[in-house]
Amino acid sequence: MQRRTALVPGDLMVLRGITALLLFAMMALTFIDVIGRYLLSAPVYGAAEMIQILLAATIFSGLGLVSDQDAHITVDLFEAPLSRAFGQGRRALIGIVSALGLLVIGWQLGVIGLHAWQTERTTLVLDWPQALLSLPGAVFCLIAAVLQFNRSLRRS
Amino acid sequence: MISALIAFALVIALCFFGIRIGFATLFVGLGGFMLERGIGPGMSLLGGQVMETASSYSLSVVPLFVLMGVFIYRADISGDLYRAAHARLGHRKGGLAHSTVLACAGFSAVCGSSLATAATMTRVALPPMRRYRYSDRLATGTIAAGGTLGIMIPPSVPLMIYGLIAEQDIGRLFIAGIVPGLLLVVSFMIAVAIWASLRPEDAPPGERLEGEGGRAAVRAVLPILALFLLVLGGIYGSVFTPTEAAGIGATGAALIALTRGHLWKLSEWIDALVEASVTTAGLFMVVFGTMVFAQYINLSGMPFDLMFWLNDMELSPLGLVTGICVIALLLGMIFESLGILLLLVPVFMPALLAAQVDLIWFGIVVVLVTELGLITPPIGMNVFVVRSVVEDVRMADIFAGVLPFALAMLAVLALVLALPELATWLPGLAG
């Protein structure tokens, strides 16, 4: 287990648990919907909308774990010579760019979510607040940005 | 056009420097868009694109199929798949290499990851091939190439991503990939047969695997085969949407893992679910960035300039697609499959539509090309994966070993280019 700085306590068990639960819910919901429709003639009402919400939440919560592992997809063709030439500073810069990107995404999701909240926009079928799609994403992106910054600090 | 080319150059330079692909494309696309339209519209574009992609119902296939692959990987099925193929073919000349190709095809059909297939099969298939004195070149080459089968045989992540960018039905793309995928398996087996007949000392026959062990291995892979047929048959027969098929597939894969003694602890479930979520989130981050970048490229007018330019050249649809394949092959030297698809497809989309190219066929062709990039230098991710597991084989030997398979892949590519029906026939039957 990697040692954490004060910025990120614990071993991300809560984030891991939330992410796992969201994906499990998506799998179970899809399965129950299909079984309900074909065997019981009773599909889950609004399953597609629930899956959309779960998909967004799974992706954004997963981004935190990707950032913590620094597992964003990269071209590492010149990794060895660049590492030798630029050292740890380069890796910190790369991490900061990723963290800034996550911050910008989180900020925009927050803007969209707050607007949806204030205008009381709801989903078409379930009539759930549309903010459910974007506000959790905004929070998860901010967490991801903090984790990415933290990782960059550890590296440098 | 010039500004778009500068943007492409900037993205490539940033990626080479190590900036993550998703963020390099995101910032260059966002910056370009803001220069043209202002900060507010740029930010709105970013939020809109990210939200639309992240909540797209059709894209929920991605995490669910990735999860299915993770469960199958953790079900520890690869050894049985290999032994089942070995029981049928192992006693023939080159039989263990044939078995490896078949086991790779079977594993990737339910796992969906080329890299996981290559890594797993290296551990499973290499020791027996070494025991029977197969040459390292043939053994490692077969595994590295066999791993690529996962990209074409459904469920395939690159085909899902292509479906998103080109706005094509993911279920039809999966069905379209079946015949080319099987052709790849056959062509790889022909490559093994030719190698074994030219250099018999590289591929001596193994022992006939008989008795209960062989039969048990065959029985053990039957549930995997049934799951594969259920998932694809469900999509083909329009019984399930691809998302539903993916949910059924993931649940079925979890049940298979449970029957094999895995996933009985909560921690195993969490690990598997987190692994799938991390893979999914990593993929989507690249998609977010390249969607924003693609919007800027569209705004720059480059795709339409390119369309008019190609129109003036009076290229046939085949000529156009062949030209794009050459560019994709070159890009394959820098980017892995996802990057190529996301950067290339939006740029050429207007030209492809104007030339009335069948976009299902084009998807299969372009994914085949990116598959080739997995085993060709300088990147050749599958070769790297095999090398990381067997450190006593030189990289040059593995690349030499994959050469016959790369040629076989090129032959299949030429076939699919010349006969689009190989990709379009089966989806056409499904209606």
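This is a predicted model: local features need pLDDT of at least 70, side-chain atom pairs count only at pLDDT 80 or more; totals for chains, interfaces and linings use all residues.
Chain B contains 21 helices and zero strands. Its radius of gyration is 22 Å, close to the 22 Å that the globule rule gives for 431 residues, so chain B is as compact as a globular protein of that length. The C-alpha trace of chain B spans about 70 × 50 × 45 Å along its principal axes. Of the 431 residues in chain B, 62% count as buried. Among the contacts in chain B with a separation of 6 or more, 80% come from residues 24 or more positions apart.

The size of an interface is often given as the accessible area lost when the parts come together. Between chain A and chain B, the buried area is about 4,900 Å², and carbon and sulfur atoms give 80% of this area. Three residues, A:Met27, A:Ile73 and A:Val75, supply 15% of the area that chain A buries against chain B, more than any other three residues. In terms of residues, the contact takes 52 from chain A and 59 from chain B.

Nine residue pairs in polar contact are found across the interface of chain A and chain B, with both residues at pLDDT 80 or more. On the chain A side, helix H1 (13-39), helix H2 (47-69), helix H3 (79-118) and helix H4 (131-155) each supply at least two of the residues that touch chain B. The most is given by H3(A), with 17 residues. By class, the side of chain A that touches chain B has 34 nonpolar, twelve polar and six charged residues.

One residue of helix H3 of chain A is A:Ser98. With a relative accessibility of 1%, which is under the 20% limit, A:Ser98 counts as buried. Leaving aside residues up to four places away in sequence, A:Ser98 touches A:Gln148, B:Arg20 and B:Phe23.

Over all chains, the structure holds 15 salt bridges. Across the interface of chain A and chain B, the rule finds three salt bridges. In one salt bridge, the side chains of A:Arg37 and B:Glu244 meet at 2.2 Å, N to O. B:Arg20 forms a salt bridge with A:Asp70, and the closest N and O atoms of this pair are 3.2 Å apart. B:Arg20 lies in the loop between helix H1 (2-17) and helix H2 (21-37) of chain B, while A:Asp70 lies in the loop between H2 and H3 of chain A, so the pair joins two chains. B:Arg20 counts as buried at 5% relative accessibility, and A:Asp70 is buried with a relative accessible area of 15%.

Within chain A, the side chains of A:Asp70 and A:Arg91 meet in a salt bridge at 3.6 Å, N to O. This pair links distant parts of the chain, with A:Asp70 in the loop between H2 and H3 and A:Arg91 in helix H3, 21 residues apart. Both A:Asp70 and A:Arg91 are buried.

Within chain B, B:Asp202 forms a salt bridge with B:Arg199, the closest N and O atoms being 2.8 Å apart. B:Asp202 is buried, with a relative accessible area of 7%, whereas B:Arg199 counts as partly exposed at 42% relative accessibility. Elsewhere, salt bridges that share partners join A:Asp70, A:Arg91, A:Arg151 and B:Arg20 into one network.

How values were computed:
Residues are numbered from 1 along each chain as its sequence is written. Chains are lettered from A and ligands numbered from 1 in the order in which they are written. Side-chain values use heavy atoms; hydrogens and water are left out. Contact means heavy atoms within 4.5 Å. Buried area is the accessible area (1.4 Å probe) that two parts lose on being put together, summed over both. A salt bridge is a side-chain nitrogen of Lys or Arg within 4 Å of a carboxyl oxygen of Asp or Glu. A polar contact is a pair of N or O atoms within 3.5 Å; within protein, one must be able to donate a hydrogen and the other to accept it, and residues adjacent in sequence count only if both atoms are side-chain atoms. Helices (H or I, at least four residues) and strands (E, at least two) are DSSP runs, numbered from the N terminus. Ala, Val, Leu, Ile, Met, Phe, Trp, Tyr, Cys and Pro count as nonpolar, Asp, Glu, Lys and Arg as charged, and the others, Gly among them, as polar. Buried means under 20% relative accessible area, exposed over 50%, partly exposed in between (1.4 Å probe, protein chains only). The radius of gyration is taken over C-alpha atoms; the globule rule is 2.2 Å times the number of residues to the power 0.38.
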